[in-house]
Amino acid sequence: MSEKKPALWLRIYTFFAYLFIYVPILVLIIFSFNTQKLNIRWEGFTLVWYNVLFHDQQILLATRNTLMIALISTLVATVIGTMAALAMQRYRFPLYSTSETLMYVPIVIPEVVMGISLLVFFVLIKFTLGLVTITLSHIAFNVPFVALVVRARLHGYDNAIDEAAMDLGANELTTFWRVTLPTIMPGVLSGAMLALTLSLDDYVITYFTAGPGSTTLPLRVYSMVRFVVTPEINALSALWVLIIFVILAIGQVAQSRRA
Amino acid sequence: MKSDFVVEFHDVVKIFPTPEGGTVTAVDHVSLEIKQGEFFSFLGPSGCGKTTSLRMMAGFEWPTSGEVVIDGKVMGRIPPYLRPVNTVFQSYALFQHMNVFQNIAFGLEMEKVPKAEINRRVGEALEMVKLGNMGRRTPKQLSGGQQQRIALARALVKRPEVLLLDEPLGALDLKLRKEMQLELKALQEQVGITFIYVTHDQEEALTMSNRIAVMSKGKALQIGGAVEIYERPNCRFVADFIGETNFLTGKIKTLAKDQVTVQLDSLNQEITGIRQGNLVVGQAVAVSIRPEKVRLADDDNKKVRELRGTDNLLRGKVVTTAYIGSDTRVVLELQGGLRMRAWEQNAISTLDPDAYYSAGDAVRIYIPVENTLVLPEDAS
Amino acid sequence: MTTAVASESPAKKFSLVRALRENRVAQGFLLISPANIYLFLFIVLPLLLVAGLSFLSRGDYGQVLFKFNPANYARLFDALYGKIMLFSLAVGLGTTLLCLLIGYPMAYYLARAPARQRSLLLFLILLPFWTNFIIRIYAWMMILRSQGFLDSILQWAHLTTAPLNLLYTPTAVMIGMVYEFLPFMVLPLYTSLEKIENSLLEAAADLGAPPWKAFLRVTLPLSVPGMIAGTILTFIPAMGMFVVSDLLGGAKTILIGNVIRNQFLTARDWPFGAAASMILMILTMVFTLYYTRKAGFGEELLV
């Protein structure tokens, strides 16, 4: 937009807006070091809650489940979604517009509706709820997001490079592997990152498709927040924020390094 | 199974479906033969079918009917990676995730050429396009002209029988284009393989080619060398597309072995010219007269240089003149309001203003019969 | 040395591969099939089941009876649930409006900030977005509860003497919702505003428009696609939310999302829950269709 520096009131306003966004997170982190159990008033600095966190079996199990589900669902969704994006961007086939609409449906329906519909589905076919149903559900909402991101990145794709590869002696498979895939890889990784995040974070759909024994980190956090209020949650939150921050920062640096 | 010709089209037709549900005939019964070692160009406006023809040779499209024959072998539906031709693309199509060396080496890798030989041949290819030390650069770091050369090197390193070039100079600025035209021509003569070139720029085609196929609306209207195409176009489109010309319309009055008289439409007179193609008496024709091929004379014969009794004579008035230096370009108005252009070479250096035409001068326009081409409206 | 040219016979052996290679329609269809099959199985089918379920009845022990019962839908519009639906609509609209009002200046600043600052600021907006939202709501629980962070600060500064009791009120829910959805509004707005060329504003100034008028007549209308995208990204999820109202609103604040959740888990009236879901879905679909017909879809969402 304009190169003129924005007005002063705008700068002040934005500063306070960002403050609004970050104060809760900072409060969270600070109070994770609080000795006082009811974390209302600041009493003293301690790391005891972090200790509790690392020995909390339920949390550890939940973390392991969450990571596993996220990785598997991301992998599957990325493959299916990338194939779909390629299909929609480069080919014409019967049911094209139906497929396109179908792709958008999971994005526009409210999560709670998707959650209960999957619950009804699994119960009807007598599929026991558990980690598998969670993973299947995560794939379902991840595929459209991956397809959307990859498709957007496919927009500027110069088809001539695929033709050039074939012209130079590469058959269709080799062309895809040596030329097409490397070229769209940034988009595919973008989509995969999005899918990973959506899966790691998901609460609503996981809530409805999880069995009694299976727990993921968001589910665990929710029940802790609802019922067991100790600063352990703060410790968990602080760690989570820190890890995300580090990952994102690395991503930013890698991106700017490549440019 | 070798034939005399390296590429042949046998009555090739290509029809595409349109998004609205209809069809468009991109290539309409084209037959031609391209000789080994030629620089052959497909020339025509956009949509004429030249690029489609090229793509059918490369293997990116298959003929709807007819045959594309390369090196004596019918190509049918053989995919591009099994054909002995290579393409230089209009957008260069360099692989962005590879550096220059890897781009050029790609084709050799596909042939499973051993590494040492790849290194040698890629080096040679880079030298040939005068970019010897650019091997480690990425395409993003290259200018348009450099990218174009890399695209060329990448195709040539495979030593194909035929090199296909799809408007490769389109994205370059004028000066660079003219340089590259000469370089490409020199390269082709040096390497000795057949170059098949697609362009919409007739000057480019005339400069570089041994033979040109002029195309319009899917048909190959005329195939011949630059001189033949320019001096003896076989139809109105070709005369119009190549160079500049004036057209007078009329109907054929009499036919002789090679000469024809035409009753002109708007002017109340006849004109005699050379005929092109099969014409019949009474047929509507276009008479093509190139501006540089007329002689002007004013009423006191001061400016005329040569006259012959057999020349056609028209009368007109000067409307505007433009002094270009090497010649003077004159716009004339004939009877009936018709306009005509004439270019008079300024062969004698003089400052005498009377030696140059000015607006309002009445002139006689002498057109030698052999410079008057009587053309059918369409090539048959 | 030229590339080998294939002769005729080997091609006949692998005719399936050849047929595939030559038929682009088949290629495309095969590529999209996994996605189509998967989504049909896990999205379309379940939704159809829910649609069917919404017309059935509930047995005494909470099981589903195959008895046609259109009353589920009627019940949704009665005094109790009708009020809840209206309230949900209000919360959704309110959240969207607040996000728009609060977020627009932010997006505007972002679009005009110098490049280096801009990427940092974008990063900072995205960062909370990547952290788990339950955690962020929990932070607000901490802040808003009686004698919580906010109360402590205010009392320490002698601005109040008694606790504000903000937690478990609609206000708290609104704060939570706005906090949650702000990035979804700011980012599309930013994308839209950033695309506005400087030359347009210069032209407006050249033609005599003071800055505020240039804003109203040039900038604002051109940012409408961003506003539409942001609205879609905010309103639809907001309507289906139950977590925020659960944590910050307690028993007093109930939205459609809560109703649906309760029917499926505690009250065990699945047909009724299904009916509520259908209503929510129809509302969402209508809203989306209307808005995406007005503006393009998709590009604004991909920052």
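**Domains, fold and an interface in a predicted model**

Chain C is divided into domain 1, residues 19-53, and domain 2, residues 80-301. The C-alpha centres of domain 1 of chain C and domain 2 of chain C are 33 Å apart. The structure is a predicted model. The points below turn to chain A and to its contacts with chain B.

**Secondary structure and overall form of chain A**
- Chain A contains eleven helices and zero strands, and its elements from the N terminus on read α-α-α-α-α-α-α-α-α-α-α.
- Chain A is more spread out than a compact globule, because its radius of gyration is 23 Å, well over the 18 Å that the globule rule gives for 259 residues.
- Along the principal axes, the C-alpha atoms of chain A fill a box of roughly 70 × 65 × 30 Å.

**Burial and contacts within chain A**
- Of the 259 residues in chain A, 46% are buried.
- Among contacts in chain A with a separation of 6 or more, 79% are between residues 24 or more positions apart.

**The side of chain A that touches chain B**
- On this interface, 14 residues of chain A are in contact with 18 residues of chain B.
- Two or more residues of the chain A side come from each of the elements α7 (160-167) and α8 (172-201) of chain A.
- α7(A) gives the largest share of the side of chain A that touches chain B, at six residues.
- By class, the side of chain A that touches chain B holds eight nonpolar, three polar and three charged residues.

Note on methods
Residues numbered from 1 in each chain as written. Chains lettered and ligands numbered in written order. Predicted model: local features only at pLDDT ≥ 70, side-chain atom pairs only at ≥ 80, totals over all residues. Helix = DSSP H or I, 4+ residues; strand = E, 2+ residues; numbered from the N terminus. Rg over C-alpha atoms; globule rule 2.2 N^0.38 Å. Buried ≥ 20, exposed ≤ 12 C-beta atoms within 10 Å, placed from the backbone. Contact = placed C-beta atoms within 7 Å. Domains from an automatic or database assignment. Nonpolar A, V, L, I, M, F, W, Y, C, P; charged D, E, K, R; others polar.
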